[in-house]
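User: I have a structure to study and would like to go through it step by step. Can we start with how its chains meet?

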Amino acid sequence: MSAAPRRALPPWAEIGLLPLVNVALALITVGIIVMAIGVDPLRALNLLVVGALGSSEAIGYTLYYATNFAFTGLAVAVAFHAGLFNIGGEGQAYIGGLGAGLCVLALDRFLPGVIVVPLAILAAAAFGAAWAAVPAWLQAHRGSHIVITTIMFNFVAAALMVYLMVNVLIAPGSMTPQSRGFEGTRMPAMHEVLAALGITVAQSALNLSILLAIVCCVGVWAFLWHTPWGYALRTMGHNPDAATYAGNDLKKLTMIAMCLSGALAGFVGVNEILGVHQRLVLDFTAGYGFAGIAVSLMGRNHPLGIALAALLFGALQQGGAELAFEIPAMTREMVVVIQGLVILFSGALANLPRPWLQALLARVRRA
Amino acid sequence: MGNRHHAAAHPSRRALRALFRVRPESGAAPAIELRGIDKSFGTVRANRGVSLSVAKGSITGIVGENGAGKSTLMSILYGLYEADAGEILVDGQAVRMRGPADAIARGIGMVHQHFMLVAPFTVLENLVLGAEGGAVLRRGLAAARAELARLASEYGLSVDPDAVVGDLSVGEQQRVEILKVLFRGARVLILDEPSAVLTPQETDQLFRILATLKERGVTVLLITHKLREIMAATDTVFVMRQGEVVAERRTADTNPEELAELMVGRKVRLTLEKDAVATGDVLLKAEKLDLTDSRGVKLLDGVDLELRAGEIVGIAGVSGNGQTELLQILSGIRRPTGGRLQVRGRVIDTSHPTDPAEMRTLGLCHVPEDRQRQGMVAPFRAAETSILGYHKLKPFTRRGLLDHVATTAHCGLLMERFDVRPPIPALRSSSFSGGNQQKLVLAREMDRTPRILLVGQPTRGVDIGAIEFIHRQLVAARDAGCAVLVVSVELDEILSLSDRIVVMFGGRIVGELPAAKADERTLGLMMANAHA
Ligand SMILES: Nc1ncnc2c1ncn2[C@@H]1O[C@H](COP(=O)(O)OP(=O)(O)OP(=O)(O)O)[C@@H](O)[C@H]1O
Ligand SMILES: [Mg+2]
């Protein structure tokens, strides 16, 4: 009965302080590395922050990236609460984009955009869910480990997309593997919408998909903690024996959790295909699916935490790109190292500062 | 007993008193001394100013109601928690326990109620785990084997070093845990409710082992709810109530009635009174139930059983003879591989399976044997655990959304009715003491006013005041026309609760008799299948 952790942090420190300390530790480490290659770390930090938040264009891009991270982070979290590790966000996002694209390509010449866009969103969710459903079914009914199968499905998705783009969906006469452009159907860009409301901001890739991401954050939170299905899902995640005892069908719950997870990942396709590319292209997922694992981890699998982590990752992505542009010594690879360190410190090493914080808080309380 | 606190404050008086205290090893400092230990979890004060001293080479008992703070105190001694205030002295020296490693280094070992063994490893491998003795495992293992043989002969603790732990009985696994502690050189052994999971026979063996350990100079700290064990095994006993030590008695100078009263603060009736049985319709009928596992082992073999409204049927048997599996099948968790089950008219067999959800709609409720593994979800708030299995029902779910207000109110009511302490629905389920977790699960199931109630180990880990209460609740359910099936390894419990007793052995029902005709001896013989 005494297997409880020796001392726990109060919730505010757990959710607020610990991640901040983790990020700070990562930035200090980054600073040392940056110094080692002869770059002034303060200048780099300044460029990073200005690059991510310094202008309305920068903020637009940061939010656009954050949208993708939020979708995949939520996808990982939903599965995680059910005790499942969905490593297949990348593939589900890819196939979700395919669904959205196919839907638009099929309908955009007959129906107005206001009708096609919602249908395409549904198609992205359905395709993403379907791509997650296969590993889920294999796990539920055949006991194939979901980590393995979802990883394999990432490769299958990549291969399938290449085949489809090169052989089937390629625009006639095109030299690059991309479909024809969508006609009159796309997710409205944020700067246009704001302009219509009389607010001028610089042009960026940010589009209305971010509203969908916010809806998803609230929706996941409501689903997990305020619906009977969320309750059942969390029961299974914490204690499958108790879930069985309570009369839940674990196979069905596994399917539900993974399909939801896949649908959320599929929304990356909405942001990318409907919002930015406005045609089907290759490789638009660009690692967002994998980063979702880190986002979810850093956000403590809670939608609010995930939203914050997604913003941080979006800022790193955007600020990192600016950094690489401004300082030649800071190559793209260096930026990846920075992101990697943040992931390392807030993910794998998340509990490293815990004992220090505990001791510190205990001392503060005693004083 | 205020004098304990005064003792802490006035060293001279303590010294004086110490002169008169009986000590097996006179003159030596106490093996363990705790002074003014305080520990709070949020607003819950689990220990307040606890002072006690344990003589070297003695067996010291600690008793107290559920949630009195016994486990917390031992966890502090073992370094799992840090006290907010107070001192720990080992062999007269003040020490600070930063973690179990410190405790082990001081020769203090603890056997947890939930064993910490690696099931696929052998006894020997489990023994050296964390104390492998160098990079070359083989050398460490050889040394461990010799040491194990020495311990086995010295303390009379025989276990096959090459047996796989997962294949051992619960009693044997516990012996491995004790060996593990001794192997690390412990001179003080803490046992937290060691007999809760044991059969009476295994319990007897355990207490023989403890007696040997004592002879060899090992100090034993024993937490238990069974006053019989306290009376039989201990030299001294401390009584805790609401975080404080309220009494210290020499075992020879006290009796179970006094201890019970000290614990609960009122007189406890240790015998159960109930009216004559008035049975009604058959509500549950099992015919030739078979269960064969994937390896082809027969776990249940042609089990026939009838449950009638208004009776309590007790299943007696050494644990591991099919009782667990029978409960799983009757509650719909597991499917039988053969035979037929009728629950209030619904026929269940291999081609018409069921599930726990359907069983609940038929009015069958189930208090699982293992509350931590099945009955609750450790990280859930108590309120969430209090609707496990019923979360889709009104008022817990309304128009597709969980109603947290209703759930919390419901949990508060259950806690009040079953005296779950502390009565805080927002507290994490795992933060409740063992007995209070059990009361919460029982409360949840009994609150549904079931027509059929299956109860596994109803009072495991529950204090005597609560046992009295739970038994009366079960009898009240029976009087209201519920069919109650009780599985328990406690013969006393089976004998005092049941109207009819069924004995299981080797997956079969080997005997049945009305409670009036049963006594411990006949049941014991039947359980060992001596006259089959
Ligand atoms: N980790 C924790 N967080 C919050 N409260 C706790 C925690 N551990 C124990 N408590 C509370 O401290 C009190 C003492 O608990 P403890 O487990 O020591 O009781 P106990 O005497 O061992 O009871 P039992 O006989 O039921 O095992 C209880 O009210 C319990 O709810
Ligand atoms: Mg306890």
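User: How many residues of chain B are in contact with chain A?

Analyst: Bear in mind that this is a predicted model. Contact here means heavy atoms within 4.5 Å. On chain A, 25 residues take part; on chain B, the number is 43.

User: Which helix of chain A supplies the largest share of the side that touches chain B?

Analyst: Across this interface, 16 residue pairs are in polar contact. On chain A, α8 (209–226), α9 (228–238) and α10 (240–245) each supply at least two residues of the touching side. The largest share is 7 residues, and it comes from α9(A).

User: Which residue of chain A meets B:Arg373 in a salt bridge?

Analyst: The count between chain A and chain B is 2 salt bridges. In one of them, the side chain of B:Arg373 takes part, at 3.2 Å from N to O. Its partner is A:Asp241.

User: Which strands are at the edges of the open sheet in chain B?

Analyst: The sheet has 6 strands, with mixed pairing. Their order is β6-β7-β8-β3-β9-β10. An edge strand pairs on one side only, and here those strands are β6 (108–111) and β10 (244–250).

User: Which residue in β10(B) stands opposite B:Val239?

Analyst: Strand β9 of chain B covers residues 236–241. It pairs with β10(B) in the antiparallel sense, over 6 bridges. Opposite B:Val239 stands B:Ala247.

User: At what angle does helix α10 of chain B run to β9(B)?

Analyst: This helix spans residues 256–264. It lies across β3, β9 and β10 of chain B. Its angle to β9(B) is about 30°.

Notes
Residues numbered from 1 in each chain as written. Chains lettered and ligands numbered in written order. Predicted model: local features only at pLDDT ≥ 70, side-chain atom pairs only at ≥ 80, totals over all residues. Heavy atoms only, no water. Pairing = 2+ DSSP bridges. Helix = DSSP H or I, 4+ residues; strand = E, 2+ residues; numbered from the N terminus. Axes fitted to C-alpha atoms, helices over the stretch in contact; angles between N-to-C directions. Salt bridge = Lys/Arg side-chain N within 4 Å of Asp/Glu carboxyl O. Polar contact = N/O pair within 3.5 Å; in protein donor to acceptor, adjacent residues only side chain to side chain.
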